[in-house]
Amino acid sequence: MTVHELSRTDARRIAVQAQLLDGSRPAELLDVVRHLTLLQIDPTAAVAPNADLVAWSRLGSSYAPTGLTTALENRTLLELRAMIRPSEDLALYRAEMAEWPGSGKLTTWREYNRDWVRANDACRLDILDRLRSSGPLPSRDLPDTCKTPWKSTGWTDNRNVTQLLEFMVARGEVAIAGRSGRERLWDLATRVYPDDPVVPAGEALRIRDERRLRALGIARARGPAYPGEPADVGEAGEPAVVEGVKGRWRVNPSLLGRPFSGRAALLSPFDRLLHDRKRAVELFEFDYQLEMYKPAAKRRWGYFALPILYGDRLVGKLDATADRAAGVLRVDAIHQDVAFTETMTAEIGHEIEDLARWLGLDLTLPR
């Protein structure tokens, strides 16, 4: 098979088009989610929740968060492991759930997870009984009867019920049926997931790789592991090399040679265009870190700086905060990675103004 030879500009434009961030905006939320395959859930809302920011970046001010709420309520979209996915895609995960914790020789940590669930089987069965008779329920209404506590160096330490629920999701036994505010409501998976035919595991993996490449445009065949969603695409697409970048890539051939028109866009820090920070450096030469966990004095760009896309380049960061109590979107700084032209300044400014209108807030700019 021919190995496609791409310039960095080619690769960037493929990535931007694949993420629906070029000049031709999509029209419908469901079309966006089906194409991107997911919206990541994150509780941080310094400007707006991630899922809403990602949708707004594509759809503009025609997007209303109530549309996402309605789609979740009627289960056109479903929540799976901190990702919002089209309900029909759940059929691509059910075979993997049935094989939990995995097939073949297990890694040490998979064996540990399996053994921990087995040790707390009585609690698992009790949760299923309670949900069967009373669900949907928040986790606080499910008593902790675990005999062996969950051990972790992180925030999940001794959070036995919530950790067990996560494993039960992975096993395909329970699902998130909705939310009460930010609190998840749990129910039996059979009452939440559509009753579609299960796609065999091997075929499901192939389809998921193909859909991921369609959403990314260009990706490594092998990439870093991320919670919830890989960054690699297996053997999907066709092989490619990118000028000035080491290694082999996989590219969606339908995007090769397509005319490109760009625009200005403000992105969530969790946006899939730059979620793989290594790819963002290699293709976009864009240095970015989310600094919300750093002390204020050590931040370069701000607590929740929004990456700025212009055309096929990531050109800066917007340090802004939605101060809802004061009714303002407060812009503290616009960091320019490259010098903005007059046209760039105007178009990026219009996008900032649109963000404020969409949020229903007045805009305050730095003096």
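Predicted model: local features only at pLDDT ≥ 70, side-chain atom pairs only at ≥ 80, totals over all residues.
A pair of aromatic rings is described by the distance of the centres and the angle of the planes. For Trp-150 and Phe-167 the centres are 5.5 Å apart and the planes make an angle of 70°, an edge-to-face arrangement. Trp-150 sits in the loop between strand 5 (137–138) and helix 8 (160–170), and Phe-167 belongs to helix 8, so this contact ties together parts that are 17 residues apart in sequence. Trp-150 has a relative accessible area of 9% and is buried. Phe-167 is buried too, with a relative accessible area of 9%.

Both residues also belong to a cluster, in which ring pairs link Trp-100, Tyr-112, Trp-116, Trp-150 and Phe-167.

The next topic is charge pairing. Side chains of opposite charge can pair when their charged atoms come close. Across the whole structure, 35 salt bridges are found.

One of them joins Glu-210 to Arg-206, with 3.1 Å between the closest N and O atoms. Both residues are in helix 9 (residues 201–216), where a spacing of four residues amounts to about one turn of the helix. Glu-210 is partly exposed at a relative accessible area of 39%, and Arg-206 is partly exposed at 42%.

A salt bridge between Glu-285 and Arg-313 has an N to O distance of 3.7 Å. This pair links distant parts of the chain, 28 residues apart: Glu-285 is in the loop between helix 10 (277–284) and strand 12 (306–310), while Arg-313 is in strand 13 (residues 313–323). The relative accessible area of Glu-285 is 48%, which counts as partly exposed. Arg-313, at 30% relative accessibility, is also partly exposed.

Lys-294 and Glu-291 form a further salt bridge, in which the closest N and O atoms are 3.9 Å apart.

Arg-85, Asp-209, Arg-212 and Glu-229 are linked by them in a network.

How values were computed:
Residues numbered from 1 in each chain as written. Heavy atoms only, no water. Phe/Tyr/Trp six-rings, centres within 6.5 Å; stacked < 30°, edge-to-face > 60°. Helix = DSSP H or I, 4+ residues; strand = E, 2+ residues; numbered from the N terminus. Buried < 20%, exposed > 50% of the residue type's maximum accessible area, 1.4 Å probe, protein only. Salt bridge = Lys/Arg side-chain N within 4 Å of Asp/Glu carboxyl O.
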